[in-house]
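Please examine the sequence and the structure below. A set of questions and answers then follows.

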Amino acid sequence: MSEIYKNVLHRFSEKIKPTQEIQFYEGSDKIAVIVDPRYNALMEAAIRQHMFFLNPHGWNLMVVSHNFHKDQICADFPNCIFAEIDEALIY
């Protein structure tokens, strides 16, 4: 089952990736937060899928992750808010 979900998620992400840039809404009180020290294609796909539905309704995106991934996350989602996970909290 997880393989089916992964394949569908990747296909959906690739379909919307070229057409939808996540916007930042100044003054919005709605924010979607993902906290994960990892960053890979599956996480990117999950973010794109959720923001596809949330962002048009004024939701902003905040990614809390390991500083090691900051450049890639900010390149993939230039309008997101990035916060670093304290190294002491990563196990």
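This is a predicted model: local features need pLDDT of at least 70, side-chain atom pairs count only at pLDDT 80 or more; totals for chains, interfaces and linings use all residues.

Residues are numbered from 1 along each chain as its sequence is written, and side-chain values use heavy atoms, with hydrogens and water left out.

Q: Which residue stands opposite A32 in β2?
A: Helices (H or I, at least four residues) and strands (E, at least two) are DSSP runs, numbered from the N terminus. Two strands pair if DSSP finds at least two bridges between them; β1 (residues 31-35) and β2 run parallel and are joined by five. In β2, the residue opposite A32 is L61.

Q: Through which helix does the chain cross from β2 to β3?
A: Strands β2 and β3 (residues 81-84) run parallel, joined by four bridges, and V63 stands opposite F82 in β3. The crossover is right-handed, that is, with the strands pointing away from the viewer, the path from the first strand over the helix to the second runs clockwise. The helix on this path, residues 70-76, is α3.

Q: How many of the six residues of β2 are buried?
A: Buried means under 20% relative accessible area, exposed over 50% and partly exposed in between (1.4 Å probe, protein chains only). Strand β2 spans residues 60-65 and is mostly covered. Its buried residues number five.

Q: Within what arc do the buried residues of α1 fall?
A: In helix α1 (residues 2-16), the buried residues are L9, S13 and I16. Seen down the helix axis, they line one face, because the arc, taken from the directions from the axis to the C-beta atoms, is within 75°.

Q: Which exposed residues does the face of α1 turned away from its buried side carry?
A: The buried residues of α1 are covered by elements that include α2, where contact means heavy atoms within 4.5 Å. The face turned away from that buried side carries the exposed I4, R11, E14 and K15.

Q: Against which elements do the buried residues of α2 pack?
A: Helix α2 covers residues 41-54. Its buried residues are M43, E44, A45, A46, I47, R48 and M51. They pack against α1, β1, β2 and α3.

Q: Why is the pair of F52 and F53 edge-to-face?
A: Rings of Phe, Tyr and Trp (its six-membered ring) pair if their centres lie within 6.5 Å; planes under 30 degrees apart count as stacked, over 60 as edge-to-face and the rest as tilted. The ring centres of F52 and F53 are 5.0 Å apart, and the pair is edge-to-face because the planes lie at 85°.

Technical notes: The expected span of a helix is 1.5 Å times one less than its number of residues.
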